[in-house]
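Hi,

Here is the structure I promised to pass on. Have a look at it first, and my notes on the charged side chains follow below.

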Amino acid sequence: MFDRKEYEKRIRWFQHDRFGMFIHWGLYAIPARGEWVRSVEEMPEEEYLPFFDEFDPVDFDPKKWAAAAKQAGMKYAVLTAKHHDGFCLFDSQYTDFKSTNTPFGRDIVREFLDAFRAEGLKVGLYYSLLDWHHPDYPHFGDRNHPMRRKADPAQEAGRDFDRYLDYMHHQVRELCGNYGKLDLLWFDFSYDDMRGETWRATELVRMIRSLQPDVIMDNRLEASGEGFGSLATGNPSEYSGDFVSPEQIIPPDGLLDADGNDLCWEACITMNGNWGYHSGDKNFKPVSLLIKKLVECVSKGGNMLLNVGPDARGNIPQESLAILSQIGEWMRRNSDSVYGCGKSGLPKPENGRITRCGDTLYYHIMEPAIGAVPLYGVPKDKIRSVRLLADKSERFVQDNWIVNNYPDMAFVEVSPHAALPDPDDTVLAIRLKK
């Protein structure tokens, strides 16, 4: 039975924090062609297993990862405890295909959790419902399995999917029971008829809630990036999850459920074109774009989960670190317009976006003006004060012959220069009268 009060209490921190780090890491960092390399190249197991024997990320230091996330202004992080290739970054008793059995020999999940908690960040784990290593996961004819066209159809009859589900449930129980309090679980993903009760989802969620009553979950036990699931219907299932997870897109108008209520959602976004490390992918998004897209998410009532893909040595790529550092510089000055903020209730202005927290509007100016900046949609007679958020300096609503031709709109002189103080996003904190 869906308890909305408990639900709203559970997601409160998530809707406050707004900005998190996604970390995709595993054996696929060694071939360095992305996390789907086995599927895309239809790579047989015997060609992939040598990477297991080679896995020894000598530079791995989760404290550095955590420090980079915190400096960027991120409030939580999600690590791939197991991706689709089935390789586990934790010491599971149910498989030998795990980081503690590689030359590296360490429980990466535990070290990740310890390091990020020490920085005061909330922690989450990603767990793939798919498993291309497990012998009982469907091979032939499956849309995603590397052996979908190479496996012997006759062998499928010998696979026991319930045996795989037992394995999957056991591993989720390990993650929920052996590693302390988890703030978030990120399942990935449902497709075709592999959704909902195919995963024994009700049983799984009840087990999770018994061990981690406050954890929040995404919606991919019943949906994927392609759908929103029953959370959007206004009549959520027991395994609907707590938030919708659009991937590589920001919903054009935000997201509402069938009853018109705001949906809790998080857009997961890559910095370049891949989640896992890809040595040839240098198509990194500009910092300015990522700042604007974070603000766009918040202005529409959503979160951004921004991905990094460490390399085979355990280093976050320098390009990603530079991006995180520059986002962090902007966040250091302007995070009040992100944390605890959401929709403004006003139309999107043509020169930027607006976020809101209580009686304060945060007007994000992303386009310079000629003269004073028009504050589209902000009632002039409702303004109590205006401050440049970056330094709290006072700004004034203009009253002169130039702007008085437009009595229904407030104008503020942000800078005496043509350029904005912050070319990426200059933020005004506008306190409204009660």
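Predicted model: local features only at pLDDT ≥ 70, side-chain atom pairs only at ≥ 80, totals over all residues.

**Salt bridges**

The side chain of Asp 136 meets that of Arg 163 in a salt bridge, at 2.7 Å from N to O. That pair ties together distant parts of the chain, 27 residues apart: Arg 163 belongs to helix α7 (residues 161–178), while Asp 136 sits in the loop between β3 (122–128) and α7.

Two others I looked at sit within helices. In helix α9 (residues 287–299), Glu 296 and Lys 293 are three residues apart, about one turn of the helix. Their closest N and O atoms are 2.8 Å apart, and they form a salt bridge. Glu 296 is buried, with a relative accessible area of 7%, whereas Lys 293 is partly exposed at 30%.

Helix α10 (residues 318–334) has Arg 332 and Glu 329, also three residues apart and so separated by about one helical turn. This salt bridge has its closest N and O atoms 3.2 Å apart. Here Arg 332 is exposed, at 59% relative accessibility, and Glu 329 is partly exposed, at 35%. There is also a network: Asp 162, Asp 166, Arg 200 and Glu 203 are joined by salt bridges that share partners.

Cheers

Terms used: Residues numbered from 1 in each chain as written. Heavy atoms only, no water. Salt bridge = Lys/Arg side-chain N within 4 Å of Asp/Glu carboxyl O. Helix = DSSP H or I, 4+ residues; strand = E, 2+ residues; numbered from the N terminus. Buried < 20%, exposed > 50% of the residue type's maximum accessible area, 1.4 Å probe, protein only.
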